[in-house]
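This briefing covers an interface, its salt bridges and some secondary-structure elements. Please read it next to the sequence and the 3D view.

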Amino acid sequence: MLTEAHYRAVLNFFYFLLQDEGMSISASFKTIKQIQKTISKNEYLLLDVVVIKTMYEVLNKYLEKHKMSAGAPPRSDWKSPKPEYLIAWKEFMRRSEMPSSIALVLRYILDYPPNVIAEALEVPIGTIYFRLGRGLESFDQNSILKAMVKK
Amino acid sequence: MSTERKLSCFFSRELFPLYIEEQLDNARREQVEVHLKECQLCLDVFERVKKNRKILIELSETKCSAEVVTFLQKEHHFWSDFIARYGWSKWNSNLKWAAELCFVAIALAATIHLFPWLNLAKSLQGFRPGIPKTIPITPPVSGTDVEIDTDTAGVGSPPVALVQPFIGPQLPPDGKLSPSEKLPTVVAVVKPAPVAGVVSESEMGEESPISDMAQQKMAGFVWRGAVQFDVLSPEVAEQITKSIIALGATKAGKVDLGWIRGTQFYYHFILPDENYEKVLSVINAHGGIVDVKKEKHPRVVKKGYMRIIMTLEQEK
């Protein structure tokens, strides 16, 4: 059964990767429906795997259909204790590769275990760590974040 | 001297996430630590990676509003969502006015076209109190289309009106109608004055094509036909006319007996029943062959009399 934490995870996943609130809510809506459908058909699936898999599928569909918005400022529906980090994330999203971004969001923002992520994305766990390493290295390659990190 | 191979910068950097999360075994962990001590560049990268990881973990504190979460948690159905989004309350006032106007117009049009007004009017007409079924027409109004069967009057029968009396609502005593009462329009038909030398069918006494209502009201009969002669002269026709009159025939139409229509002689008369055979014998005596048929006729003659319309004509 989906909990509030799952809903929040789905919303944040799309929020960080689609960079658009409207699209994020719409994608989350579709994802939740799809997850519920999948679970109702097979109760023995690992819920986290189903959630990540479905989010990944919906994300790919959205990325095919829609262009990413160019760093629109965060709106009121999402609140962050450090808004400047959100801006840095948007900067990162503009120049990073999507697989690394997905891995970072799933591992550090949504706090899924690497083995679950690997199972859901159907890649070896080493690949996940590799993507995480690449992502973490390139995350501060912009002036805003560099300044923040130096502090 | 250590027998372990030293890690390259590239490989050690790949192990940073695992090192930070303490997923490496002791041997690998030591290798990474040794490399970090020896390589300042990788140490800088390691520090950045650690800080970036911390930033990302802090980003996980980013939360969506409760309304959005509630929206997602709620069960959604197409129609309820549709109504919530585009329902009546979401329309602006102009659109509402236009919709109401359209609704009223459609309802009005449907009522006008589909409601059986005619049946209702007929049924209401039947229930009107104080409306006479027939209106006696005595005396006839000159110049109007009211005809009196003068021929039957001449043999003792009462005059019969040819026109149907108008049966409809009567005006109230003050002569004013309420707005709901709408009387059908009645148009009085006035016959034009006959042109000299030209005689119409109705003036000859022959009926023009009879309406459906007249067909239903046909109560009488007429013997209609033609009498063929090998040789027909005006003298013969005159003799026949005199004989018929002598046998008690009276003119029924508007033209005299023996009226000349082209090459024919026209007769429309009322005759006592007992003299019919005598009239036939008179005609036969002049060489005529009578071919008459009994037909229905709106006008009724008195019992013991018969109506005859015949033409004398030369055989072609």
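Contact here means heavy atoms within 4.5 Å. By that rule, 37 residues of chain A are in contact with 31 residues of chain B. The model is predicted: local features need pLDDT of at least 70, side-chain atom pairs count only at pLDDT 80 or more, and totals for chains, interfaces and linings use all residues. Residues are numbered from 1 along each chain as its sequence is written, chains are lettered from A and ligands numbered from 1 in the order in which they are written, and side-chain values use heavy atoms, with hydrogens and water left out.

**Interface of chains A and B**

- The two chains bury about 3,300 Å² between them, 66% of it on carbon and sulfur atoms; buried area is the accessible area (1.4 Å probe) lost on putting two parts together, summed over both.
- Two salt bridges cross the interface, where a salt bridge is a side-chain nitrogen of Lys or Arg within 4 Å of a carboxyl oxygen of Asp or Glu.
- One of them pairs E21(B) with R107(A) at 3.0 Å, N to O.
- E21(B) lies in the loop between α2 and α3 of chain B and R107(A) in helix α5 of chain A, so the pair joins two chains; helices (H or I, at least four residues) and strands (E, at least two) are DSSP runs, numbered from the N terminus.
- E21(B) counts as buried at 11% relative accessibility, and R107(A) does so at 12%; buried means under 20% relative accessible area, exposed over 50%, and partly exposed in between (1.4 Å probe, protein chains only).
- R107(A), D111(A) and E21(B) are linked in a network of salt bridges.
- E58(B) and K82(A) also form a salt bridge, with their closest N and O atoms 2.7 Å apart.
- That pair runs from helix α4 of chain B to the loop between β1 and α4 of chain A.
- E58(B) is partly exposed at 25%, and K82(A) is partly exposed at 29%.

**Salt bridge within chain A**

- Over all chains the structure holds ten salt bridges.
- One of these joins E122(A) and K53(A), whose closest N and O atoms are 3.2 Å apart.
- E122(A) lies in the loop between α6 and α7 and K53(A) in helix α3, so the pair ties together parts 69 residues apart in sequence.

**Strand β7 of chain B**

- Eight of the ten residues of β7(B), residues 305-314, are buried.
- β7(B) pairs with β2(B) in the parallel sense over seven bridges; strands pair if DSSP finds at least two bridges between them.
- Eight bridges join β5(B) to β7(B), and these strands run antiparallel.
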